[in-house]
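Q: I have a model open and would like to go through it with you. Could we start with backbone details and then move on to the surface and the charges?

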Amino acid sequence: MTCRTTLRGAVCLAALLTGTAAMADVSAQQVWDDWKAQLSLYGPDTLTVGSEDMSGDTLTVRDIALNMVQEELNVSAAMGDIILTEQGDGTVAVTMADSFPVTVTDDAGVTVTVLVTQSGLEMIASGTADAIDYAVSADSYTVALENIVDGDFTFTGDVSLTGNNLTGTYTTRLGEMRDLTYEGSFESIDILVDVQLPDGGGEYITGGGKISGLNMQAELAMPLDGVMFDENNQIADGTSISAGYTVDSSEYVFDINADGDQVSGSFSSGAGSLTTLVSAETLAYSGRTTDIVATFISNAAPFPIDIGLSAYGFNLEMPVAASDTAQPFAFGIELADLTVSDMIWSLFDPSGVLPRDPATIKIGLAGMARPLFDVMDPTQEQAMMNSDMPFELSEVSLTDLDISVAGASVTGDGAFTFDNSDMVTFAPLPRPEGEVTVQINGLNGLLDNLVTMGLLPADQVMAPRMMMGMFARSTGDDQLETRLEVTEDGEVLANGQRIR
C-alpha cells in the first residue's frame, strides 16, 4: 500500500510540475488559458488568481497561488504575478517573479516553508496548440529553507540547493494521449547545510556538496482528462513515466555533532546515472555510480574509516499487470572492487593472513514470467499474498555471477526454461530444464587461512571439502568447476553424474 501511495504522489507531482510549464500557443491569452486548463485537472481549487489584464500584446496575471492536496500533504505556492508577452513572431515570452514561497503542511500540522529563487530566468513558448515547444534558461535556480513550524516551535537554518546555468526544453503533443517531454541540464548544483540543533547545547549539522554536469530527461504520457489513476488506485491504461539523469561527478563533506557523538567525513564519486520507468504494465529502475571514495571520522572509532568502490549499480525490471503472455523481468546488483583501509582489516586479521585484494559482488538475473495478478491493484493484494506462485515462470538466465573476496572467487552462467504443465516433479515449482556452470577458485586456500586465523576449527573443514569433491571437479591448482543440469525427463546431473 505504501508503494502505491508513494507512486501515485510522485506521478501527480511530476505531471503538475511539467504540465504547468509546458503549455504554449501563438497568443498570450491562449498560453494562459492552457495553464488554467492544465491546473484544473488537479482539482477545482488548485489555482486562484487576483486579476487578468490584457494591454496591447501583454497579458498580466496577478496574485497567482497554487494549492494541491495530495494524500497526507498540502502543497501551496504564492507565485505572485506572471507576464505573458507576444513577441510578434509566433512566440510568447513568459516572465515570472524572481522568487516565491512554497509551503508544505502535513496532516499533523507541521509546516515547512521554502523560498524558490530564479535568477536570470527566460522562458519562450512557440508552436501551436497541439504541438508546443518551450525553451527555458536561467543563471541560477535556488530552493532554500525558510523555516519549519511545529506548533509553538519554529526552526530555522541555512539549508539550500542551487542549480547553476540551467538550460532546458519542454515539448507537448496532443493526440490520443497528452505527451510531455523534458530535457534539461545544470552546469553544477551547490548544496549547503548549516544548522544549529534547537536546545542542543551547541550541537550542529553542517555539510556541503557539489554536483557537476547534471543532465535530466523525462517523458510523460497522460490521458487528456488528466485522470492518471482509476477507481482502484491503479495507473490508467496508456499512462507512463520515463525519467532519468546523468552526472559527471559529485563531492560532499559533512560534520555532525549530535547526541554526544561527532562524525565527519567526505564522499566523492565519478560519473553516475539513474533511470526509471513506471507504467500500467511495467516497473523498471536502474542506476550506476563509478569511482566512489568515502572517509568517515568519528569519536566512536579510534581511526578513520576509508571505503572505496570502482562501481556500484543495481537494476530491477518487473511486469505489474496480469497478462496472457510472459513478460520480461530482470534483477541485478553490482559492488565492484570494494576496498577498506588496512586499519579495518587489522581488526579481524591483525597478522595479514588473508589477501587484501578488492572484493566484488556481481549478480544478474533475467527471464520471462507471466503475472497472474495486477500487482498494483489493492483489491487483488490479499489473493496475491496467499498465492504460492503469483507469477508463472517461463525462463530464467544467470546473466552475471562474479563474487570475489579474500583470495577466493566464484563465477558462472547458465539458463533454464520451465514447463508449467508439470507442477509435480519439482513441486511447488514448474519443472525446469537447462544447466548452470560455476567456477570456484581459491576456496581451499581461503579455508586454510580461516583455520590459521582461528576463525574456523580444523575438524569442521572436512565437511565442505568432501561436499566439493562430490559435486565439483578439479580444473587446476585450487580451481574447481561444477555443471548442474536438469534434463527434460527431470533428472538432475552434476558434472554428468546423476544425483536425482
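Q: Where does Asp 337 lie?
A: Asp 337 lies in strand β20. Strands (E, at least two residues) and helices (H or I, at least four residues) are DSSP runs, numbered from the N terminus. This is a predicted model, in which local features need pLDDT of at least 70 and side-chain atom pairs count only at pLDDT 80 or more, while totals for chains, interfaces and linings use all residues. Residues are numbered from 1 along each chain as its sequence is written, and side-chain values use heavy atoms, with hydrogens and water left out.

Q: What is the phi of Asp 337?
A: Asp 337 is not a glycine, yet its phi is positive, at about 55 degrees. Most residues other than glycine have a negative phi, and most peptide bonds are trans.

Q: Which peptide bond is cis?
A: The bond from Ala 427 to Pro 428 is cis, with omega near 10 degrees. Pro 428 sits in the loop between β23 (408–419) and β24 (431–441).

Q: Switching to the surface: which residues form the nonpolar patch?
A: The patch consists of Tyr 285, Tyr 312, Leu 316, Phe 331, Ile 333, Ile 361 and Leu 365, with about 570 Å² of accessible area together. The elements that give two or more residues to it are β19 (305–319), β20 (327–340) and β21 (359–371). Patches are made of residues with over 30% relative accessible area and no salt bridge; like charges are joined within 9 Å, and nonpolar side chains (Val, Leu, Ile, Met, Phe, Trp, Tyr) within 5 Å. Accessible areas come from the Shrake-Rupley method with a 1.4 Å probe, and for residues only the protein chains shown count as cover.

Q: Where is Tyr 285?
A: Tyr 285 lies in strand β18, residues 282–298. Tyr 285 is partly exposed, with a relative accessible area of 39%.

Q: Now the charges. How many salt bridges does the structure hold?
A: The structure holds 15 salt bridges. A salt bridge is a side-chain nitrogen of Lys or Arg within 4 Å of a carboxyl oxygen of Asp or Glu.

Q: Which residues are linked in a network?
A: Asp 53, Arg 62 and Asp 81 are linked in a network of salt bridges. Asp 53 pairs with Arg 62, their closest N and O atoms being 3.6 Å apart. Arg 62 also forms a salt bridge with Asp 81, where the closest N and O atoms are 3.6 Å apart. Arg 62 lies in strand β3 (residues 58–70) and Asp 81 in strand β4 (residues 73–86), so this pair ties together parts that are 19 residues apart in sequence.

Q: What does Asp 342 pair with?
A: The side chain of Asp 342 meets that of Arg 356 in a salt bridge (3.6 Å, N to O). Asp 342 lies in helix α3 (residues 342–348) and Arg 356 in the loop between α3 and β21, so the pair ties together parts that are 14 residues apart in sequence.

Q: One more residue: is Thr 239 buried or exposed?
A: Thr 239 counts as buried, at 3% relative accessibility. Thr 239 is found in the loop between β13 (204–222) and β14 (240–247).

Q: What does Thr 239 touch?
A: Not counting residues up to four places away in sequence, Thr 239 touches several residues, including Met 177, Met 222, Pro 223 and Val 278. Contact means heavy atoms within 4.5 Å.

Q: Finally, how many helices and strands does the protein have?
A: The protein has six helices and 28 strands. Of its 500 residues, 37% count as buried.

Key:
Buried means under 20% relative accessible area, exposed over 50%, partly exposed in between (1.4 Å probe, protein chains only).
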